[in-house]
There are 2 protein chains.
Amino acid sequence: MKKIINNPEEVVQDMLKGLIAAHPESLKQIPNTTAIVRKDAPVANKVGIVSGGGSGHEPAHAGYIGEGMLDAAVCGEMFTSPTPDQVFEAIKAVDSGSGVFLVIKNYTGDVMNFEMAAELAEAEGIDVEKVVVNDDVAVEDSSFTTGRRGIAGTVFVHKIAGAKADAGGSLQEVKDVAEKVVVNVRSMGMAVTPCTVPAAGKPSFTLDENEMEIGIGIHGEPGIERKKLTSADEIAEELTQKVLEDIEFNSGDEVAVMINGMGATPEMELYILNGRVQEILHERGLNVHKTFVGEYMTSLEMAGCSVTLLKLDKETKQLLDSDSNASAFHS
Amino acid sequence: MKKIINNPEEVVQDMLKGLIAAHPESLKQIPNTTAIVRKDAPVANKVGIVSGGGSGHEPAHAGYIGEGMLDAAVCGEMFTSPTPDQVFEAIKAVDSGSGVFLVIKNYTGDVMNFEMAAELAEAEGIDVEKVVVNDDVAVEDSSFTTGRRGIAGTVFVHKIAGAKADAGGSLQEVKDVAEKVVVNVRSMGMAVTPCTVPAAGKPSFTLDENEMEIGIGIHGEPGIERKKLTSADEIAEELTQKVLEDIEFNSGDEVAVMINGMGATPEMELYILNGRVQEILHERGLNVHKTFVGEYMTSLEMAGCSVTLLKLDKETKQLLDSDSNASAFHS
């Protein structure tokens with residue numbers, strides 16, 4: 001294990017220290033928690049948006065805190081859900097009286113802990129609503145999930161729900177548009193090399209020198225198939241086809257595309273993959289409104305990628321395009 | 001070699017295809033070249049800003065094309081300078097009659113080829129000025145350089161020179177402020193794992209399992225010292241001290257900080273490093289105006305980092321803060 005860290009048991013606290021030190025004008029940490037919130041929270045008359053999950057997926061989720069996106073990100077230990085009390089602290093910190101909306105990736109621990117936090121908050125009179133994101137078409141259930149996993153498509157939920165709240169949407173309106181995004185977003189990923197959780201000290205899985213895994217999750221959970229590493233074009237075809245088959249895409253539909261790197265994949269390779277993805281979408285008659293290429297939802301230093309498609313309508317397109325000053329998301 | 005590519009000999013062309021496909025509204029490729037320019041180039045009454053160099057450093061340099069930053073990036077083959085004729089085409093494409101400014105990283109091939117392009121352009125009546133960036137304090141000469149190398153600090157030159165041109169600065173004014181940045185910016189890097197050029201098929205150097213190299217270049221050129229991998233705090237101290245010793249920093253000086261990942265380093269580790277860097281700067285009495293943490297100047301999938309400090313004055317601070325819509329740079 002070759003990592004630029006101090007104590008493997010304290011990587012999350014050390015990361016949060018460096019994160020706050022980098023953005024002291026916009027972020028603050030709730031004392032004695034791993035919850036990061038907007039410095040100006042709670043924002044008056046605005047629904048607060050809270051997300052989070054295990055650490056190791058940076059820039060998810062703290063990089064998405066900012067005007068027009070998240071108000072708080074609750075950072076769990078490595079690949080581990082934050083506890084209910086931490087999420088509860090974040091909910092209290094961002095509630096201005098307009099209610100709080102939770103964006104949860106579909107992992108059993110996250111769903112349970114965010115729901116327990118919601119109950120604690122409701123007991124104190126805070127209105128809480130939520131959405132569970134399950135964009136990964138690869139597998140129906142996994143080692144960490146009942147139902148499909150939430151992966152890179154979650155970032156589109158953050159952006160669009162956050163923009164709706166920023167535009168003055170009510171808690172119900174934020175929930176409605178977030179659910180619309182969840183219904184219309186699909187992703188699928190693959191990996192060529194594993195990652196190592198610092199405290200474990202060794203990779204969570206192995207792949208042979210010429211092998212890749214299709215459909216792998218963002219914690220290295222098994223996917224659909226291990227096979228010989230193919231070309232970027234073939235990988236693009238396999239991932240994109242699987243995504244396109246999952247919901248109805250019709251000629252003329254407008255879509256947003258995310259080509260996400262898993263952590264160690266050079267941006268060059270993501271752009272190479274994107275070249276073929278765009279051709280496939282063009283052949284299908286889809287109208288690509290906007291493309292995002294980069295690292296949005298990672299798995300430490302895993303090498304690999306995911307392809308996400310979001311079918312847009314007038315409302316979601318306008319909300320996707322609206323301004324945000326989150327450090328890790330450009331519109 | 002495990003890479004998401006098609007033909008190893010065609011990675012740059014394939015990348016550029018995917019890049020243009022991702023940003024069709026803002027970028028175009030000059031036909032039969034590897035020069036990428038703003039779609040609206042040349043911009044009337046504005047000095048054109050051109051940079052570039054070998055590919056493999058993404059998002060440098062095409063990710064920095066946009067309003068308030070670069071007008072063109074000329075992409076060479078992997079770790080190889082673009083040819084003079086390619087640079088010449090970029091100069092012609094961005095000249096509105098106000099002249100063109102070249103930002104060159106200090107590598108022998110880049111300096112020679114950009115200077116030859118400047119001569120070709122001047123022969124056609126285009127005013128051209130340039131700056132050579134040599135921010136790397138690690139070594140005085142290297143395998144690719146006479147004098148110090150240009151590394152991540154180059155991105156600050158792009159931003160500030162680009163902002164000056166965008167604000168209506170003359171060619172001489174752009175040159176003056178770019179030179180001021182070069183005088184005031186210093187960087188130093190390190191690596192824990194190497195990278196592999198696709199056409200070579202094997203790593204350009206090796207490091208033992210518990211070894212790191214301090215002062216390494218962005219093509220894996222040798223640095224100062226190979227030694228046992230230490231903690232993030234010790235790495236932060238070594239890099240930051242070397243940078244601080246190189247030019248005069250006085251208590252109360254304002255600085256911009258860049259914690260740059262070399263390609264495969266998780267963002268978590270960059271933030272951990274940043275925690276200690278900020279403490280050191282605070283202890284020195286420096287006033288950190290803004291911090292940038294992420295991948296700005298990479299070396300394919302090399303794992304490692306660099307620390308850059310830029311001493312600011314009123315003018316450079318304002319230009320650093322001004323808006324840009326380059327895809328890879330947030331102000």
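A salt bridge here is a side-chain nitrogen of Lys or Arg within 4 Å of a carboxyl oxygen of Asp or Glu. The legends below describe a predicted model.

**View 1. Salt bridges between chain A and chain B.** By this rule, four salt bridges cross the interface of the two chains. One of the pairs that meet the rule is A:Lys3 with B:Glu269, whose closest N and O atoms lie 3.9 Å apart.

**View 2. Polar contacts and the elements of chain A that face chain B.** Between chain A and chain B, 23 residue pairs are in polar contact, both residues being at pLDDT 80 or more. On the chain A side, two or more residues each come from α1 (11–22), β7 (185–193), α6 (232–246), α7 (267–283), β11 (287–294) and β12 (303–311). The largest share, 10 residues, is given by α7(A). Sorted by class, this side of chain A holds 28 nonpolar, 16 polar and 14 charged residues.

View 3. Contacts join 58 residues of chain A to 58 residues of chain B. The two chains bury about 4500 Å² between them, with 61% of that area on carbon and sulfur atoms. In chain A, the residues that lose the most area to chain B are A:Lys2, A:Ile4 and A:Met268, together 21% of what that side buries.

**View 4. The fold of chain A.** Chain A contains eight helices and 12 strands. Its C-alpha trace spans about 55 × 50 × 35 Å along the principal axes. Among contacts between residues at least 6 apart in the sequence of chain A, 73% join residues at least 24 apart.

Conventions:
Residues are numbered from 1 along each chain as its sequence is written. Chains are lettered from A and ligands numbered from 1 in the order in which they are written. This is a predicted model: local features need pLDDT of at least 70, side-chain atom pairs count only at pLDDT 80 or more; totals for chains, interfaces and linings use all residues. Side-chain values use heavy atoms; hydrogens and water are left out. Contact means heavy atoms within 4.5 Å. Buried area is the accessible area (1.4 Å probe) that two parts lose on being put together, summed over both. A polar contact is a pair of N or O atoms within 3.5 Å; within protein, one must be able to donate a hydrogen and the other to accept it, and residues adjacent in sequence count only if both atoms are side-chain atoms. Helices (H or I, at least four residues) and strands (E, at least two) are DSSP runs, numbered from the N terminus. Ala, Val, Leu, Ile, Met, Phe, Trp, Tyr, Cys and Pro count as nonpolar, Asp, Glu, Lys and Arg as charged, and the others, Gly among them, as polar.
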